[in-house]
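I opened a notebook page for this model and listed what to look up. The entries are kept in the order in which I went through them.

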Amino acid sequence: MRAYKAVLLVNAALLVSGAVSGWQVWRRAAGPADAQAITWGGPEREWHDIHGVVRAVLPELGIIVLTHTDIPGYMPGMTMGFRATTQIPEGLSVGDAVRFSVRGSPPLVVLTAIQKAS
Amino acid sequence: MSGLGLALRWIHLAASVGLVGGAVMLLIAGRSDRPTALAWQSRVTGAARWFLLVAVVAGLGVLAYQTALLEGRASAAAEPRALLRVATQTQSGLVTLVRLGLLAVATVFVVGRLRTTERIDWIALHGETAGLALVALALASAGGHAAAAEPSVVRAIAIDFVHLAAAGLWAGALPALALLLRAAAREEGADARPYAVLATQRFSRLALVTVLVLTISGIANAFTHVRDVAGLIGTSYGRLLVVKLALFAVALVFAARNRRRWVPALGGEARTIGRPAMQRLASAVGMEALLVTAVLGVVAALGVTPPARHEQAAWPLTFRLTTSVLENAPDARWQVLVGSQVAVLGLVVVLCAVMLRRLRLPLVAGACVLLITGGTMALIPLAVDAYPTTYHRPTVPYSVSSIAAGADIYAERCAACHGRSGGGDGPAAARLPRPPADLRAPHTGQHTAGDLFWWVSHGIARGAMPGFAATLTEDQRWDVINYIRLLGTLEPARWLGPIVDPGRAWLVAPDFSYAVAPAPPHSLRDYRGSRHVLLVLYTLPASRERLAQLANAYQMLTTLGVEIVAVPTDASPDAIRTLGAEPRVLFPVATEGAADILTVYGRFDAAPHAEFLIDKQGYIRARWSSRAETARDVTRLLAEIQELNAEKVEVPPADEHVH
């Protein structure tokens, strides 16, 4: 075989395999991030036994603001307001440590249960 | 790293470089039908086969060695599964795999019997060999130290890639060139002499460019991995680099002499001038090749030594030079100025000596006198005492927990002499032979954190200061130094007012960590580069009105890029309940971590209500407390924040370490 033809063939093969493996590496690098991302509007899910502390209660709006721990697969710990579908227990006041449950498909989640943590 | 691993790396590197250089030298010299040239070409291609074989085998050896190291047992080096795991799941393994793959492809051209009757085939063959080997060599940059360099990995890899490629072109071609010159310089090599002369001249031009590229990329690499003089002479990486530079310098002396003297002489009449010159050049190039092989050995060692940047440099001298001593010494400034001018004059005389051949000797003598006198005059005032730990970087960050721990240790062990607030006026100070240092003085310029670490560890004999190396752990000593750093900032911090001084950021905010339980903790550092932080130390009920103001403005403040962190001065874990439902406070209220924040930030301002505006870069930019006469309107705060937002970021992010 003539050398220049071999060179052309090898270069073409290297380019193709380089492009393919580059694409795979790129996809693998992008992969885990996708897996961790929140699937907005996915099927309904439920999270139970989340710990938090009451920051504000707005009974007229049915909203309770909580500083809470991480909610795995949904959001890190932060302060945010939840709409409650359940009756907000009487006597729940700012500063109370609570345990609560939420249900829904992010970002549309509602608070389904809340009780004071002993 | 044992000798075996090092030897494997060296052999692999040398063979890879030789493979590149051989093919490149063939391309530079070009085709020829002279018997001597043909014999040389077949010797070079024969050597290329060996280089390729050795490079692949040694490369596999390096991989096996790496596997044994990573798995922690020697037998793993022979297990295919373990080898595969390292080769596919570690970056350096993956890079080695790709490099070996490229070398395997190169086998087709090095070993295969391809037809090269036409010029295009011949060039394609050797060009492809050179190209594949060059990429395989230079890709090593992606598996070495450059792959972990900060801040820019890509830039570091690119620079190292260029460095390795240039090394392959220049260093690798030297043995092949030496062979050609030796063959052509022989009595019976006369037929190839013009060919060798032409090849040498072409190589000489290429060498000039590659050596320049090597030098520039080498300097850039040194900045990435070593950064300063302390790293260069105080770490094993730095010292290896000095050895490498020394060997490289000797090789350059040979190269310069060859270029100036022997390469021009080649063109002379073959029998009388050209041939002896060619013989001399052949041996000089051979020497260069040997030196470069030694350099590659050092490179292999550098590859397995942690870069100086990640090591604590042990300063080997008893002094160091710093211009910061001149700040308080006007007399020394004159001496340094005059001395440096004398030295510059000496350099001018050196230039004259280079240009004026007749007066060279007296001029050189005069230049030496001027340089030595000027240098001594200028440098002596700049020398200050230094210790082995002078350039150690603190291993404990400048944070409230470290400072608070340091404050306790200080009160127990240091305050008796240095005084409660560091003024050198402790109760025991009067009995000492020398007054203890005033720790509030701004010494950061003249003493490094490492100097302080040395004194705290080993004491100061002439001042009767005891050493604490035996009684305090290393972290505890750094805690004390962090506390001393705080002491040094308290006095100037008193002048910090409620108004942001644009462009002037100097007071580093000690890092702190807090949590609004049960949410996970945050630290000040988390906001670096993204948000300003308004740290509010409050006391109820006096602060209630101000907190209501801030609570109402919270949304606006968030929009402007500010987070509020409120810390109750009673450090109560029940702070949220105490605040109650009104005002509706939704910003973080520290229920954990408050005590250390209060201990440290309380030293800046001990008022019942104090606010610190900390910018994105981690500097305290404004301070306001209830001691101020006027009540503070939130619109004023918003104006200060706008001022910060309008600022161009010029100051580097605050370092959590003392310098």
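This is a predicted model: local features need pLDDT of at least 70, side-chain atom pairs count only at pLDDT 80 or more; totals for chains, interfaces and linings use all residues.

Entry 1: I counted the elements of chain B and got 20 helices and nine strands. I then asked how spread out chain B is against a compact globule. Its radius of gyration is 33 Å, whereas the globule rule gives 26 Å for 659 residues. The value is well over the rule, so chain B is more spread out than a compact globule. I also took the spans of the C-alpha trace of chain B along its principal axes, and they are about 105 × 70 × 50 Å.

**Entry 2: the sheet.** I looked up the strand order of an open, five-stranded sheet in chain B and read it as β3-β9-β8-β6-β7. The pairing in this sheet is mixed. Which strands are at the edges? They are β3(B), residues 507-508, and β7(B), residues 562-568, each of which pairs on one side only. I followed β3(B) to its neighbour β9(B), residues 619-625, and found two bridges in the antiparallel sense. For V508(B), I recorded Y619(B) as the bridge partner in β9(B).

**Entry 3: a helix on the sheet.** I checked what lies across β6(B), residues 532-538, and β7(B), and found helix α17(B), residues 544-559. Its direction is at about 155° to β7(B).

**Entry 4: a helix pair.** I turned to α2(B), residues 35-71, and α6(B), residues 153-185. Their axes come within 10 Å and cross at roughly 150°. Angles over 145 degrees count as roughly antiparallel, and α2(B) and α6(B) are therefore roughly antiparallel to each other. On the α2(B) side the contact is made by T36(B), A39(B), W40(B), R43(B) and V44(B). The α6(B) side puts in A176(B), L179(B), L180(B), A183(B) and A184(B). Sorted by class, this contact has eight nonpolar residues, one polar and one charged.

**Entry 5: chain A against chain B.** How many residues of each chain are in contact with the other? I found 24 in chain A and 23 in chain B. On the chain A side, the elements that give two or more residues are α1 (3-36), β1 (45-58) and β2 (63-68). I noted that α1(A) gives the most, with six residues. By class, I logged twelve nonpolar, nine polar and three charged residues on the side of chain A that touches chain B.

Notes: Residues are numbered from 1 along each chain as its sequence is written. Chains are lettered from A and ligands numbered from 1 in the order in which they are written. Two residues are in contact if their C-beta atoms, placed from the backbone, lie within 7 Å. Helices (H or I, at least four residues) and strands (E, at least two) are DSSP runs, numbered from the N terminus. Ala, Val, Leu, Ile, Met, Phe, Trp, Tyr, Cys and Pro count as nonpolar, Asp, Glu, Lys and Arg as charged, and the others, Gly among them, as polar. Two strands pair if DSSP finds at least two bridges between them. Axes are lines fitted to C-alpha atoms, for helices over the stretch in contact, and angles run from 0 to 180 degrees between N-to-C directions. Angles under 35 degrees count as roughly parallel, over 145 as roughly antiparallel, 65 to 115 as roughly perpendicular and the rest as oblique. The radius of gyration is taken over C-alpha atoms; the globule rule is 2.2 Å times the number of residues to the power 0.38.
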